[in-house]
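Thank you all for coming. Before I say anything, please take a moment with the sequence and the structure on the screen, and then I will walk you through a few helix contacts, the ligand and one loop.

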Amino acid sequence: ASSKIQVEMDSSTGIAVVTMQSPPVNSLSLDVLTEFCISLEKLEMDRGCQGVILTSSLPKIFSAGLDITEMYGKSPEHCAEFWKAVQELWLKLYGSSMVTVAAVNGSSPAGGCLMATSCDYRIMADNPKYGIGLNETQLGIVAPFWFRDTMVNTVGNRVAELSLQLGLLYSAPDALRVGLVDQLVPEQEVLRTAKDTMAKWLAIPDHARQITKSMMRKPTIDKLLSHREADIANFVSFITKDSIQKSLKMYLEGLKKRKN
Ligand code: CO8
């Protein structure tokens, strides 16, 4: 299979650019999640790598989030395996000891937003057509507690509550206003700005920064680690319900219809 996650390591700067390249929309299938996890694991072990910039090769889309077809019409066993891979990627990214910067060069709904908010810093293209947020309720599904926690840790409880209940997708300017992203720059400058930002983060004594990051994030990570199996069981029983499968079907059909 051709690579869906491209890793470009610059050993002179210690920065790796990890590019999602899974057309048409960089949705996170089981294959993509697995490859992504392995790439992050390798970088984490690489002593020469201190920072990761996460971006997309697709114009207009950072990531469409989880691949809905992995959750629709699949066996409970498949759903469990898929969910375990989603957990694994989040644990690796949110818990990374490296500096992580999201170069959000397009729309980033649901799981895409989760990945961006799992990074230490977010730079987004200043295009109001690009949306970012946890829109799960709009699909009739419920973002799990660790999606919520990641959101709360980024924007605070009030904005997270509005955002999650209403399934809000924020335009880039609105995302900046509520603190969901840290900075907007013109589209062609997203990656360069991410590199400049990374250089500033890497100038901080790394050991102190790592311990501080861990102090901030460990309680959130430990919560999932201690409820991992229950979270999988909960996902599987929820997603395989007839009513939820029906919602997903309607949503998928809506996505397809929009085009014609
Ligand atoms: N999964 C699978 N297929 C997708 C997805 C997706 N997330 N998103 C888009 N596609 C498909 C479309 O159906 C379409 O397929 P086809 O070519 O066969 O018609 C193709 O990709 C291209 O999509 P669009 O034509 O819509 O492309 P656009 O460039 O017009 O728009 C967007 C791109 C903005 C990304 C748009 O596709 C979109 O909004 N997608 C849906 C995003 C979304 O809502 N994702 C939510 C996924 S759920 C999730 O991530 C967390 C779930 C937590 C589960 C908790 C349960 C307990």
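This is a predicted model: local features need pLDDT of at least 70, side-chain atom pairs count only at pLDDT 80 or more; totals for chains, interfaces and linings use all residues.

Let me begin with a pair of helices, α2 and α8, whose crossing is left-handed, a term used when the near helix is turned anticlockwise from the far one by less than a right angle, with right-handed used if clockwise. Helices here are DSSP runs of H or I with at least four residues, strands are runs of E with at least two, and both are numbered from the N terminus. Residues are numbered from 1 along each chain as its sequence is written, and side-chain values use heavy atoms, with hydrogens and water left out.

Two packed helices are described by the angle between their axes and the distance between the axes. For α2 and helix α8, which spans residues 206-225, the angle is about 165 degrees and the axes are 10 Å apart; the axes are lines fitted to C-alpha atoms, for helices over the stretch in contact, and angles run from 0 to 180 degrees between N-to-C directions. That angle makes α2 roughly antiparallel to α8, where over 145 degrees counts as roughly antiparallel, under 35 as roughly parallel, 65 to 115 as roughly perpendicular and the rest as oblique. On the α2 side, Q87, W90, L91 and Y94 meet K213, R217, T220, I221, L224 and L225 of α8, with contact meaning heavy atoms within 4.5 Å. By class, this contact of α2 with α8 has six nonpolar, two polar and two charged residues; Ala, Val, Leu, Ile, Met, Phe, Trp, Tyr, Cys and Pro count as nonpolar, Asp, Glu, Lys and Arg as charged, and the others, Gly among them, as polar.

Turning to the ligand, we find 27 residues surrounding it, the closest being L66, I68, Y251, R258 and K259, where a residue counts as near if one of its heavy atoms lies within 4 Å. A nitrogen atom of the ligand is 2.8 Å from a polar backbone atom of I68, and an oxygen atom of the ligand is 2.9 Å from an N or O atom in the side chain of K256.

Finally, please look at the loop between β2 and α1, where P24 lies. A cis peptide bond, with omega about 5 degrees, joins P23 and P24. N26 lies in the loop between β2 and α1 as well, and N26 has a positive phi of about 55 degrees although it is not a glycine. Most residues other than glycine have a negative phi, and most peptide bonds are trans.

Key
A polar contact is a pair of N or O atoms within 3.5 Å; within protein, one must be able to donate a hydrogen and the other to accept it, and residues adjacent in sequence count only if both atoms are side-chain atoms.
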